[in-house]
Amino acid sequence: MLIFFLHSATLHIGLIGMADVLLNFYYVSLGYDASVIGMLQALPRLSGFLTGLPVGLVANHIGRRRILILSNFGLVASLLLLVCFPVLWMLALCRFMLGFFYGSNQIVTSPYLVTLTPKAEHTHQFAYHNLVSMLATAVGSVLGGYLPLWFSQWLGLAGTAFAPPEQSLTAYTLSLMLSAAIMLLSTLPLFYLPIAKHTFPVSDGEQVRLTIPWGRLLLYGIPLFFFGVTGGMTFPFYNLFFRERFLLPDAGVGNILALGWLGMALVPLINPFLERRLGRVWGLATMMGIAGLGFWGLGSIEWLPAAVPCYVLGIAARNAMQPLIQPLMMDCLPDELHNINSSVGIVLWNVGWFASTASFGGLLPVAGYGGMMLIVAVGVVITAASIVLVFAPLSGKQLSVSLGKAKL
């Protein structure tokens with residue numbers, strides 16, 4: 001587990017922390033507006049949707065660790081190409097590539113994690129993995145906010161009439177290249193991971209296909225669709241939200257985003273307590289309701305000292321979804337369906353994310369940043385309702401065996 005945590009921490013520093021803070025600012029420095037940025041941010045989810053199911057099936061044949069290694073190299077390549085050839089068609093291609101490789105990583109991560117510890121420890125394991133990942137992302141967000149400033153000072157870059165030196169294309173390019181280098185380092189621990197042993201035949205593809213209960217898998221993935229909708233309308237644009245709504249510099253934006261990631265790291269630590277007191281289903285629904293309150297405050301309040309706590313509350317409570325929904329879905333399935341179940345969930349999450357991100361550029365002039373957050377608040381409440389409607393009718397015992405007996 002420690003080796004996997006090291007990989008995940010390093011990857012989150014470079015990709016989710018540093019690169020996510022900087023990419024939108026990089027696009028702005030190239031001269032693109034919100035509509036183009038929204039489409040560039042949506043493309044990774046389109047590729048994740050198109051490739052999710054094939055990757056899940058392929059993972060049964062070539063192994064989860066190999067998928068992790070190949071996807072990591074692909075992520076590095078997609079970021080390097082994006083900064084080395086900054087023309088629109090290459091930006092679009094690289095974003096499509098990033099979605100494919102990041103989706104591949106996410107598809108096999110949860111099934112791989114459940115092979116590393118006993119079933120009774122899965123909730124704790126996912127909570128600890130979330131803690132490590134989000135703390136690393138917080139570190140990356142702070143670094144991402146300051147890197148352009150540091151590079152501009154070290155190199156003596158000149159500003160323009162429209163932007164200071166730290167908002168220059170050169171400063172963002174060098175910062176993103178450093179992000180790619182850190183992501184490359186995250187590949188090294190993967191070579192020391194154990195190879196997960198399959199407890200099911202992987203050579204008979206026909207047998208696997210015939211025993212996949214697609215209807216139930218789609219049903220259990222519905223909450224992830226709504227989860228993707230709320231994520232796609234927020235995460236790609238938090239940096240622009242705080243820069244444009246509160247007129248903050250990059251470093252200030254990075255620090256605020258880091259507070260959000262820190263909240264996302266700490267709040268899900270109460271998941272085992274929620275599971276014991278409320279059960280996974282009602283624990284999840286409760287956290288989504290709290291998240292809805294946070295996003296309502298973020299959309300309604302224009303005073304930064306009050307908006308930041310609302311942001312942290314909303315983003316942190318919403319993130320309780322990931323460490324609880326994954327073991328909930330994994331534990332209700334036999335091992336041979338873990339990869340494909342993860343794929344279905346990722347596909348539905350990508351569909352929701354793509355739809356909301358692609359529509360961001362058109363909705364923003366109408367609703368404004370505040371209105372967008374109010375829409376997210378409603379979406380989070382709908383996510384809570386879908387969790388209850390899908391999973392509450394099933395007792396823990398029924399949930400653990402229902403799909404094991406299911407046939408087409």
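User: Is Cys-94 buried or exposed?

Analyst: In this predicted model, burial is read from relative accessible area, and under 20% means buried. Cys-94 has 1% relative accessibility and therefore counts as buried.

User: And Cys-310, buried or exposed?

Analyst: The cut-off of under 20% applies here too. Cys-310 has a relative accessible area of 15%, so this residue is buried.

User: How many disulfides does the structure hold?

Analyst: A disulfide needs a pair of cysteine sulfur atoms within 2.5 Å. The structure holds zero disulfides.

User: Where does Ser-8 lie, and what does Ser-8 touch?

Analyst: Contacts are counted between heavy atoms within 4.5 Å. Ser-8 lies in helix α1, which covers residues 2-29. Leaving out residues up to four places away in sequence, Ser-8 touches His-129 and Ser-133. Ser-8 is also buried, at a relative accessible area of 3%.

User: What should I make of the phi of Leu-247?

Analyst: Most residues other than glycine have a negative phi. Leu-247 is not a glycine, yet its phi is positive, at about 55°.

User: Where is Leu-247 found, and is this residue buried or exposed?

Analyst: Leu-247 sits in the loop between α9 (238-246) and α10 (250-266). Exposed means over 50% relative accessible area. With 72% relative accessibility, Leu-247 therefore counts as exposed.

Definitions and conventions:
Residues numbered from 1 in each chain as written. Predicted model: local features only at pLDDT ≥ 70, side-chain atom pairs only at ≥ 80, totals over all residues. Heavy atoms only, no water. Helix = DSSP H or I, 4+ residues; strand = E, 2+ residues; numbered from the N terminus. Buried < 20%, exposed > 50% of the residue type's maximum accessible area, 1.4 Å probe, protein only.
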